[in-house]
Structures are given as C-alpha cells and as structure tokens.
Amino acid sequence: MTEDFGFKVPKNITKLSLSNFDVNQNTLNILSEYLQTEESVISELVFDGINLSNMNYLCCITPNSKVNKLWLSRCQLKDKGIEDLITVLDETNIKTQLNSLYLDRNGITCKGARQIAQILRTNRTLQSLSLASNLIKDEGILAIMNVLSKFDLDDYETEWKFKYEQRRKRLVEYLVCLNNYNSKNDGNVDKIMLVVNMYCIVLCTNMDTISCIELEKEQRSVTINPTINSSIILTDEDNLKQKAEKLLISPTHPYLTDQLLRSGSSFHCLGNFKIEYLNISYNRCSSNVLSFIEQVLQYQQNICLPEEGIKDLKIEKFIER
C-alpha cells in the first residue's frame, strides 16, 4: 500500500514528514488507509507547508490510527479549517488521541481562537498547542487563557450535564431490573436475549421521558415477538453494541466528575490543567493581555498538582496593530 506514495514506508517509522510535499486528496486517502493498519506505528505527522484548505486531511487522524502529534503550520487553514478540526478534538462525541497540535502561520483570527477555547473546555487529551504567528487579537488570547483557569458552565453545558446524568440513571435502573429478571430465572438468558436487551437500550434511552417500567415493557414486547430473526440479531450484535456504547460517555469527562464546583443551579469548572505547552507568540495582541496571563499562571500555581498546568509558555513577541 505504501508504494503508492512513490516509496515504501519502513515498518519502524514513527514520524512521517510530508512538509512542502505535492499532496492531493488521493495521497491523503492512501495514507489514511495505511495509518489504520496494524502495520503502521506512525504517531507523528508533519504536513507543514501543504495547502490543506480544500482537502480532507482529517481522514489521517481517525481514532483507528496511532497518530497523536500533528504539525499543520503554513497550511492555509484559516478559521474555516479550525472549525473542521475541532470536530476531531471534541471528546464529548468521540475519544481523541491527539495530544500535540501545531497551527502556526495559518491566518487564524479571534473567531478560530474562540473555537479552540470552546473545545478546550472539555478536551483533556491535548497537552501541546502552538498558535504562533497568526492574526489573533486580545479577545482570542483571553478566551484561550480563560479556560485554563476557573470558568462557569454555560446554559447549554449545564443542560447537557443534567440530560446525560438522567440518561445514565435510566440505564442503570433498567440494567438493575434486567439483572433481577435474570436472577429469578436462574440467569438463563441466552445470547439472543442479551442482544435484544441491548437493542431496547439503544431505542429507549434516546427518549427523554421514558421510565423504568416502560423500559421493561419495551424489553418484554421485543423479546416475545415471534417474528424476530435470530440470525439477523446475532449478525447485528457488534453494531448494536457500538450504538449502545455511544450513549455512554466516559465518567472522566470533566463535566461528569466531582471536580465541578456548584453554586445553586450553576456549575464552575476548575479549569483545563492538561495543557503543558502553549505558544501564542507573534500574534496581533496588545500588552494588556499580559496581566491576565499572569493571573492565570498564578491561579494554576496555587491550585494545580505538580504534574498539572502550563510548564512552557511562549509569548516572545506581540505585534500590536
């Protein structure tokens, strides 16, 4: 497969640099297929200097690949490219592996910076972020720095937290009922029964007002349905399992842990302490942001564990305009 690049990638290569390479979408598709094979051990991709503004490079950083470090300097991404990229960084929907991201010289403005700040509210995998030599002004830098200290959950986030906790509670109630049912029947529930139960969970937990009793009724009605084709159910077992797993988000999600502070009906997050390296040099900021940056660093120093918080912050120069 890798011969399609014009050369064979050695099996022990962990870093692949295509800087300034003449890349097209077909090249990226071939690379994507290779990165998802067991043979690939590539964990770092360098796309510096490639115009990716009209190409789907995100196919190369799927959860099935081992890529966790991505260089995208001088790729003409602009704010639109950031909007596409944050879908990969959104840990609410899918677990990302990307821990290092370099976005220097991409014409990113405050709009793109705010989008990055928004995703950093929940992403706890990214550790290194470089935004040097972009077009970010005070507003964008302040938005990013703000999520590195204590911030309030907005109405959407608070509603999401309550809805998810309700869904998880309903699932637990249903599984307890199912376990009691199994116990009364000496645990004799065959594979088809388990798949049907999984199917009921997938269906019923998408409904906001379903009760435990209704869940049992739904399970019973599907189980006794004589038209069920067992071969189809067994064939779809993995697919059903994946659907059910998507309904559950890791309990390590920052909005689902006891690390949130509560005041009345409002919640406060202590901040994102996973970012260790941040480069915001050569942006369009004024020196006014420096005092706020100092406050954030002082806050982290007072509250973070030794292994947490920013270790390397680069603000070599701001271009005030």
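Some ground rules. Residues are numbered from 1 along each chain as its sequence is written, and side-chain values use heavy atoms, with hydrogens and water left out. As the model is predicted, local features need pLDDT of at least 70 and side-chain atom pairs count only at pLDDT 80 or more, while totals for chains, interfaces and linings use all residues. Helices (H or I, at least four residues) and strands (E, at least two) are DSSP runs, numbered from the N terminus.

I start with the sheet. Three strands form an open, antiparallel sheet in the order β6-β8-β7; two strands pair if DSSP finds at least two bridges between them. The edges are β6 (151-152) and β7 (261-263), each with a single partner strand, so one side of each has no neighbour in the sheet. Between β6 and β8 (residues 266-269) there are two bridges, in the antiparallel sense. Phe151 has Cys269 in β8 as its bridge partner.

Next, Phe162, which sits in helix α5. Its relative accessibility is 31%, so Phe162 counts as partly exposed; buried means under 20%, exposed over 50%, and partly exposed in between, with a 1.4 Å probe and protein chains only. Leaving aside neighbours within four places in sequence, Phe162 is in contact (heavy atoms within 4.5 Å) with Arg262 and Phe267. Tyr255 is 93 residues from Phe162 in sequence, and their C-alpha atoms are 9.9 Å apart.

Now the core. A nonpolar core is a set of buried Ala, Val, Leu, Ile, Met, Phe, Trp, Tyr and Cys residues joined through side-chain atoms within 4.5 Å. The largest one has 65 residues, and those touching the most other members are Leu45, Phe47, Leu52, Tyr57, Leu72, Leu101 and Leu103. Among the elements that each supply at least two residues of this core are α5, β8 and α10 (289-303). Not counting residues up to four places away in sequence, Leu45 touches several residues, including Leu16, Leu31 and Trp71.

That leaves α10. Which of its residues are buried? They are Val289, Ile293, Val296 and Gln300. Seen down the axis of α10, these fall within an arc of 60 degrees (taken from the directions from the helix axis to the C-beta atoms), so they line one face of the helix. They pack against α4 and β10 (312-314). On the other side of α10, Glu294, Gln295, Gln301 and Asn302 are exposed.
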